[in-house]
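Here is a briefing on one protein chain.

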Amino acid sequence: MSLTPIIALHLSVALAAVLIGPFALWARLGRTVRPRWHRVLGYGWLTCMVITVLSALFIRSYDLPNMAGYTPLHLLVPVTSFLLWRGLSAVMRGDIALHRRFMQRVYIGACLVAGAFTLLPSRYLGQLVWGQWLGWL
């Protein structure tokens, strides 16, 4: 497998989501509430997450246990989509506490945990980062 355009897109928007997420949370949870910044960063983060989820559908791996190229990691696609939808619908209904819970769960689960799994040395991006870029493998 090589760094195809779809993998590059997926990687770029996923990294952007990982970087934008804490700032979006900070804008709402800091000492001074910054609703405009929270909204702008939140829309940017949501856009990155939607592109990440959609691009994941076009990335297949036949190295791991899979079904038609979809690995267990692909189970995060419907889960993440559902949580994003629930978080967005909660804020549109005015349920801020529920919105906060869903968006924090998506950030932790889809950005941090799934990101860590994609960097395992046995996966393509893990080989790229740890082996080719850093020379540790």
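Threonine 71 is buried, at a relative accessible area of 4%; buried means under 20%, exposed over 50% and partly exposed in between, with a 1.4 Å probe and protein chains only. The model is predicted: local features need pLDDT of at least 70, side-chain atom pairs count only at pLDDT 80 or more, and totals for chains, interfaces and linings use all residues. Residues are numbered from 1 along each chain as its sequence is written, and side-chain values use heavy atoms, with hydrogens and water left out.

**Threonine 71**
- Threonine 71 sits in the loop between H2 and H3.
- Helices (H or I, at least four residues) and strands (E, at least two) are DSSP runs, numbered from the N terminus.
- Which residues does threonine 71 contact, leaving aside its neighbours within four places in sequence? They are Ser61, Leu64, Pro65, Asn66 and Arg123, where contact means heavy atoms within 4.5 Å.

**Fold**
- The chain has five helices and zero strands.
- Along the sequence the pattern reads α-α-α-α-α.
- The C-alpha atoms fill a box of roughly 45 × 30 × 20 Å, taken along the principal axes.
- Of the 137 residues, 31% count as buried.
- Take the contacts in the chain with a separation of 6 or more: residues 24 or more positions apart account for 52% of them.
- The accessible surface is about 8,800 Å², and carbon and sulfur atoms hold 71% of it. Areas come from the Shrake-Rupley method with a 1.4 Å probe; for residues, only the protein chains shown count as cover.

**Helix H2**
- H2 has 22 residues, which should span 32 Å at 1.5 Å a residue; its end C-alpha atoms are 31 Å apart, in agreement. The expected span is 1.5 Å times one less than the number of residues.
- Buried in H2 are Leu41, Trp45, Leu46, Cys48, Met49, Thr52, Val53, Ser55 and Ala56.
- An α-helix has 3.6 residues a turn, so residues three or four places apart point the same way.
- The cover over the buried residues of H2 includes H1, H3 and H4.

**Helix H5**
- Leu125, Gly126, Leu128, Val129 and Gly131 are the buried residues of H5.
- Their cover includes H1 and H4.
- Glycine 135 follows H5 and has a positive phi, near 70°.

**Largest pocket**
- The largest pocket holds about 900 Å³ of space.
- Its lining counts 37 residues, with His10, Leu73, Ala114, Thr118 and Leu125 closest to the centre.
- On a 1 Å grid over the protein atoms alone, a cavity is a set of points where a 1.4 Å probe fits but cannot get out; a pocket is an open set with protein on both sides within 12 Å along at least five of seven lines, and lining residues have an atom within 4 Å of a point.
- H1 (5-29), H2 (35-56), H3 (76-93), H4 (96-118) and H5 (124-133) each supply at least two lining residues.
- By class, this lining has 25 nonpolar, nine polar and three charged residues.

**Second largest pocket**
- The volume of the second largest pocket is about 550 Å³.
- It is lined by 21 residues; His38, Arg39, Gly42, Val91 and His99 lie nearest its centre.
- H1, H2, H3 and H4 each give at least two residues to this lining.
- H2 gives the most, with seven residues.

Definitions and conventions. Points joined across faces, edges and corners; volume = space filled by probe spheres on them. Nonpolar A, V, L, I, M, F, W, Y, C, P; charged D, E, K, R; others polar.
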